[in-house]
Amino acid sequence: MMNSIQVLDCTLRDGGYCNEWKFGKKGTSKIIEGLTNSGIDIIECGFITNRVDNDPDVTKFRTLDAISPIVPSNRRSCIYVGMINYGEYDPKELPLCNESPIDGLRIAFHKKDLKSALEMCRQVKDKGYKVFVQAMVSMAYTDLEFISMIDMINDIEPYAFYIVDSFGMMKRKDMVRFFSLVEHNLKDTICIGFHSHNNMQLAYSNAQTLVEMQSDRNLIIDSSIYGMGRGAGNLNTELFIEYLNDNYNSNYLIKPILEVMDEVINDFYRKRPWGYSLPNYLSAKHNTHPNYAGYLSEKNTLTAGGMNEIFEMMDEDKKVEFSKEYAESMYIWYMERGKSNETHLAEFANSIKGKEVLLIGPAKSSEIHRDKIMNYVENNDVVTISVNFSYPYVKMDYLFISNMRRYNEVGKRDLDRCVVTSNVPADGVFLKVKYQDLLNEKEVVRDNAGLMAVNLMIKMGAKRLIMAGFDGYSYDSSENFAEAQMVVFEEKAKLDAINHGMGTVLSEYSNLIEIVFLTEHPYYNLISH
């Protein structure tokens with residue numbers, strides 16, 4: 001059995017990916033107090049980085065002095081640490097440890113920075129700090145590379161060296177293999193740490209396996225309250241300390257953690273949930289940075305199969321560090337690769353050219369004002385086209401669909417009047433037009449279905465556009481769509497950006513065609529009437 005099992009809580013650091021580290025001064029103090037009172041062995045206070053200014057409501061700190069207000073005067077037996085991402089802080093700026101509010105520093109780095117990062121670890125140790133070596137993405141190393149790194153770490157002799165499951169992809173056999181390499185090659189004086197993510201729902205079971213292994217090595221297990229962390233989150237502190245209490249005679253107090261969950265963490269969870277999801281599973285399956293899963297998922301256009309294909313086609317050297325530009329380029333590449341089928345293009349253009357076209361979107365106003373819409377269709381010579389859904393109150397001339405998820409829901413029933421973009425792998429539809437020809441320049445709404453439909457109508461020579469069911473996006477997600485199954489959940493800032501982007505592009509299009517709204521919309525100040 002282990003000599004010692006320590007729990008390191010990383011809520012204020014890893015959990016910050018869920019709320020931009022804005023725990024608030026009061027919330028941060030409550031978290032620190034709860035962890036201290038529960039008897040957690042090591043408490044991570046946040047990031048130390050020169051890329052921010054000090055803010056008492058944020059757990060990213062430009063200086064170590066800024067951490068002082070959140071560290072309690074009665075430390076009990078807790079160790080307080082911070083994390084530095086290699087390249088974000090000069091160790092020469094660190095005070096000596098006996099002049100610092102914290103006891104240790106975790107140095108996180110990628111494989112490409114190994115040698116220079118370990119030299120930084122040496123410099124930090126020379127200033128008296130407990131040094132935790134956090135070589136991210138352990139699965140990126142071969143066994144020989146991992147052993148070679150351990151030899152270099154033995155020469156530094158830090159407080160701890162970590163096995164890091166950055167992408168939540170380690171299965172039991174992987175974790176056991178890495179632990180065996182560390183146990184047999186790392187100096188006995190160095191603690192072995194384990195940091196996991198829960199993309200495959202294995203963080204809890206892997207942690208249990210690790211502490212149950214027959215070894216006398218000192219072990220540190222990372223966790224966070226409620227599993228708060230990037231993507232699928234981390235091992236849950238409350239679950240793991242209860243497991244240690246039940247099986248290893250530990251005496252952590254659960255109640256202070258539960259109070260923090262109730263008073264602080266739950267509010268963050270309601271605003272931006274974390275935890276297991278299909279995109280996070282796929283990112284782990286392909287050993288890919290979880291931010292790619294989040295980015296592609298937020299498009300709300302890809303099926304699971306489509307997302308899986310993108311992960312399969314990504315360059316291996318691009319997977320480890322997230323690049324928004326690369327993610328967007330892969331998304332556009334995937335969406336553009338389909339072939340168009342324009343056999344009926346002339347027929348379609350002839351039905352649109354010089355005509356008034358009514359575009360009906362899936363927003364709630366299309367349901368609320370259905371009588372108004374039905375009356376307009378009955379009393380006007382208008383071509384009717386619904387966008388990404390099937391409107392039940394009017395016989396539509398065409399359905400315009402721009403992603404596979406919507407096609408699977410409605411398009412297969414109306415092949416003879418279905419107009420799809422070329423990224424939709426659908427056979428037998430009336431018309432398949434080129435996806436890339438309908439994009440706009442505003443990234444957040446580049447392939448928005450409504451804007452693509454407007455662009456297509458302009459290209460087809462429509463005389464006038466009447467729009468209904470394009471209400472913009474409300475913070476209350478239940479108010480955004482007429483059909484419940486279409487509801488998606490987005491952050492307020494993202495919704496604001498989408499609404500602004502829609503208005504901007506519609507304003508540009510209104511210079512090319514007359515646009516009139518039949519139902520309410522949020523673009524009055526941007527659209528000419």
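Angles between axes under 35 degrees count as roughly parallel, over 145 as roughly antiparallel, 65 to 115 as roughly perpendicular and the rest as oblique. This is a predicted model, in which local features need pLDDT of at least 70, side-chain atom pairs count only at pLDDT 80 or more, and totals for chains, interfaces and linings use all residues. Residues are numbered from 1 along each chain as its sequence is written, and side-chain values use heavy atoms, with hydrogens and water left out.

Let us start with two helices. The axes of helix H18 (residues 449–459) and helix H19 (residues 492–509) come within 11 Å and cross at roughly 5°; H18 and H19 are therefore roughly parallel to each other. Here axes are lines fitted to C-alpha atoms, for helices over the stretch in contact, with angles from 0 to 180 degrees between N-to-C directions. Helices (H or I, at least four residues) and strands (E, at least two) are DSSP runs, numbered from the N terminus.

Where do H18 and H19 meet? Leu 451, Val 454, Asn 455 and Ile 458 in H18 face Met 502, Val 505, Leu 506 and Tyr 509 in H19, contact meaning heavy atoms within 4.5 Å.

Now turn to the sheet. Seven strands form an open, parallel sheet in the order S14-S13-S12-S11-S10-S15-S16, where two strands pair if DSSP finds at least two bridges between them. Strand S14 (431–433) and strand S16 (514–517) are the edges, each pairing on one side only. S14 pairs with strand S13 (residues 418–421) in the parallel sense over three bridges, and Val 420 stands opposite Lys 432 in S14.
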